[in-house]
Amino acid sequence: MRDASLQQLHMFLAEGVASQTTGCRPGARHALMLFAVGSDMPLAQSAALTGAEGAGWSLLEIKKRTPIASGPIAIADPNLSNAAESAVAEGFGMVVYTTELTSDA
């Protein structure tokens, strides 16, 4: 078991393709903001991708990544802050941007 004090919150801007279980049009590509905790960036990224896949997203591509050293309190947007709090509590959180991305995005 990992020491919780060594876990850091990380944020990932990603794109993914929706399945029927996501509530979005199946096959549509969307921007996603993923949050996960891990002792380092690769572990957190793995947790974020696993969480998104478990929520019905495929063909995931990480566009940007950043650690959030000060935790969810530093995030002003309430939707993003709630997702970050979920990640701290449960290991993973996500916000789906509802506008579909075009194929050349």
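This is a predicted model: local features need pLDDT of at least 70, side-chain atom pairs count only at pLDDT 80 or more; totals for chains, interfaces and linings use all residues.
1. The buried residues of H2 are Leu80, Ser81, Ala83, Ala84 and Ala87. Viewed down the axis of H2, these buried residues fall within an arc of 160°, and they therefore line one face of the helix. Pro78, Asn79, Ala89 and Glu90, by contrast, are exposed on the other side of H2. The cover over the buried residues includes strand S1 (8-18), strand S2 (29-38) and strand S4 (92-100).

2. Both ends of H2 deserve a look. At its start, a side-chain oxygen of Asp77 comes to within 2.9 Å of the backbone nitrogen of Asn79, while just after the helix Gly91 adopts a positive phi of about 100°.

3. The strands form an open sheet of four, in the order S3-S1-S2-S4 and with antiparallel pairing. S3 and S4 are the edge strands, since each of them pairs on one side only. On average, and with direction ignored, neighbouring strands of this sheet are turned by 25° against each other. Helix H1 (residues 41-54) packs on the sheet, where it touches S1, S2, S3 and S4, and its direction makes about 145° with that of S3. H2 also packs on the sheet, touching S1, S2 and S4, and the direction of H2 makes about 150° with that of S4.

4. Strand S1 is mostly covered, with nine of its 11 residues buried. With S2 it pairs in the antiparallel sense over 10 bridges, and within that pairing the bridge partner of Ala14 is Leu32 in S2. With strand S3 (residues 57-67), S1 again pairs in the antiparallel sense, here over eight bridges. To follow this second pairing in the model, one may look for His10, which stands opposite Pro67 in S3, and for Met11, whose bridge partner in S3 is Thr66.

5. Which side chain makes a polar contact of 3.1 Å with that of Glu15? The partner is Arg29, a residue that lies in strand S2. When residues up to four places away in sequence are not counted, Arg29 touches Glu15, Gly16, Val17, Leu59, Glu61, Glu100 and Leu101.

6. The ends of H1 may be inspected in turn. A side-chain oxygen of Asp40 reaches to within 2.9 Å of the backbone nitrogen of Leu43 at the start of H1, and the helix is followed by Gly56, whose phi is positive and near 100°.

Definitions and conventions: Residues are numbered from 1 along each chain as its sequence is written. Side-chain values use heavy atoms; hydrogens and water are left out. Buried means under 20% relative accessible area, exposed over 50%, partly exposed in between (1.4 Å probe, protein chains only). Helices (H or I, at least four residues) and strands (E, at least two) are DSSP runs, numbered from the N terminus. The arc is that of the directions from the helix axis to the C-beta atoms. Contact means heavy atoms within 4.5 Å. A polar contact is a pair of N or O atoms within 3.5 Å; within protein, one must be able to donate a hydrogen and the other to accept it, and residues adjacent in sequence count only if both atoms are side-chain atoms. Two strands pair if DSSP finds at least two bridges between them. Axes are lines fitted to C-alpha atoms, for helices over the stretch in contact, and angles run from 0 to 180 degrees between N-to-C directions.
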